[in-house]
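Work through the following exercises with the sequence and the 3D structure open beside you. Try each task before you read its solution.

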Amino acid sequence: LIHLLSPEGLSRDILTHILDTASNFVSVNDREVKKLPLLRGKSVFNLFFENSTRTRTTFDIAAKRLSADVFTLDIGRSSTAKGETLLDTIDNLSAMAADIFVVRHSESGAPYLIAKHVAPHVHVVNAGDGRHAHPTQGLLDAYTIRHYKKDFTNLRVAIVGDVLHSRVARSDIHALLALGCPEVRVVGPRTLVPSDLAHMGVRVFHNLEEGIRDCDVIIMLRLQNERMSGALLPSSQEYFKSFGLTPERLQLAKPDAIVMHPGPINRGVEISSAVADGPQSVILAQVTFGIAVRMAVMSIVAGNEA
Ligand code: CP
């Protein structure tokens, strides 16, 4: 694995290797991540052309825990604002001896363009491109599920909400099916969960109660208002009435079901505070596991594994 651009097409062995490598970075209390010299002398450039709280910060922490030198370009104050092209920016940062580019971009495919352009010794990790892929989120979601449920082979997972615009949903589906999850459901209104998603190997539901019934894992998604035209935009109250996850609805899932969300959450839109902050929520654990998973990905693509 030289770049990580999408989980699509990655084998179960590779995905399992990434998860196992991540678990090696986590200490006995399941949370703390050890500091290691695996990327000492390497330069990691964080390029976030789109906003981020969790992904950007955990990549930053992960690179520092691997002893890399980390540079986070402030895109808003960069020469992108003066019209410099993406590839010219990459060439200039490459001239500063970049080893790994971590890239988030609103255009699907931007990390692929960069991966094709850079020198062979430079690695690209996709931190979310348009509505296409968010591979490290898919991996940290898989890590979280394996942590709580131990293995994938008996699980029923529901992904609920705005699947149409969600790069997280796509990456979760590819990762979970490749890891052996027998049933992945996508649940939401017809405008946001088109029936043709079934071609990905998932079951499609347009009713929340039916969709989450007897599930082991529920992954809630935010309405991606920034990617919708007016016609698709449901009102927050209407949406919550039909597809918001409340404690009462959560009782339809298995009693030990876990509730996940990639964040940022919109309280009272797709999820109630009682669920988001409740005993079945593992939303903040996902964030913590993201550090070890991103350490694993960067050390593997750079060829400096533990
Ligand atoms: N889950 C996720 O990608 O969150 P951020 O947009 O805050 O990075």
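Domain bounds, as used below, come from an automatic or database domain assignment. This is a predicted model, in which local features need pLDDT of at least 70 and side-chain atom pairs count only at pLDDT 80 or more, while totals for chains, interfaces and linings use all residues. Residues are numbered from 1 along each chain as its sequence is written.

**Exercise 1. The two domains**

Task: find the bounds of domain 1 and domain 2 in the protein chain, and describe the side of domain 1 that touches domain 2.

Solution. Begin with the assignment, which gives domain 1 as 12-133 + 290-301 and domain 2 as 135-286. Next, take the centres of the two domains over C-alpha atoms, and you find 26 Å between them. Then turn to the contacts, where two residues count as in contact if their C-beta atoms, placed from the backbone, lie within 7 Å; 20 residues of domain 1 are in contact with 20 residues of domain 2. On the domain 1 side, at least two residues each are supplied by α1 (12-25), β4 (123-129) and α11 (283-301), where helices (H or I, at least four residues) and strands (E, at least two) are DSSP runs, numbered from the N terminus. Finally, sort this side by class, with Ala, Val, Leu, Ile, Met, Phe, Trp, Tyr, Cys and Pro as nonpolar, Asp, Glu, Lys and Arg as charged, and the others, Gly among them, as polar: the side has nine nonpolar, six polar and five charged residues.

**Exercise 2. The four-stranded sheet**

Task: work out in which order the four strands of the open sheet lie, and which strands stand at the edges.

Solution. Two strands pair if DSSP finds at least two bridges between them, and by this rule the order is β2-β1-β3-β4, with parallel pairing. The edges are held by β2 (69-73) and β4, each of which has a single partner strand, so one side of each lacks a neighbour in the sheet. Now look at β1 (residues 43-48), which pairs with β3 (residues 100-105) over five bridges; in this pair, Val-44 has Ile-100 as its bridge partner. Five bridges also link β1 and β2 in the parallel sense, and here Asn-46 stands opposite Thr-72. As a last step, count neighbours: a residue is buried if 20 or more other C-beta atoms lie within 10 Å of its own, exposed if 12 or fewer, and partly exposed in between, with C-beta atoms placed from the backbone. Five of the six residues of β1 are buried.

**Exercise 3. The shell around the ligand**

Task: determine which residues surround the ligand, and which helix gives the largest share of the shell.

Solution. A residue is near a molecule or strand if its C-beta atom, placed from the backbone, lies within 6 Å of it. The list is Ser-52, Thr-53, Arg-54, Thr-55, Arg-56, Gly-128, Gln-137, Pro-262, Gly-263 and Pro-264. By class, two residues of the shell are nonpolar, six polar and two charged.
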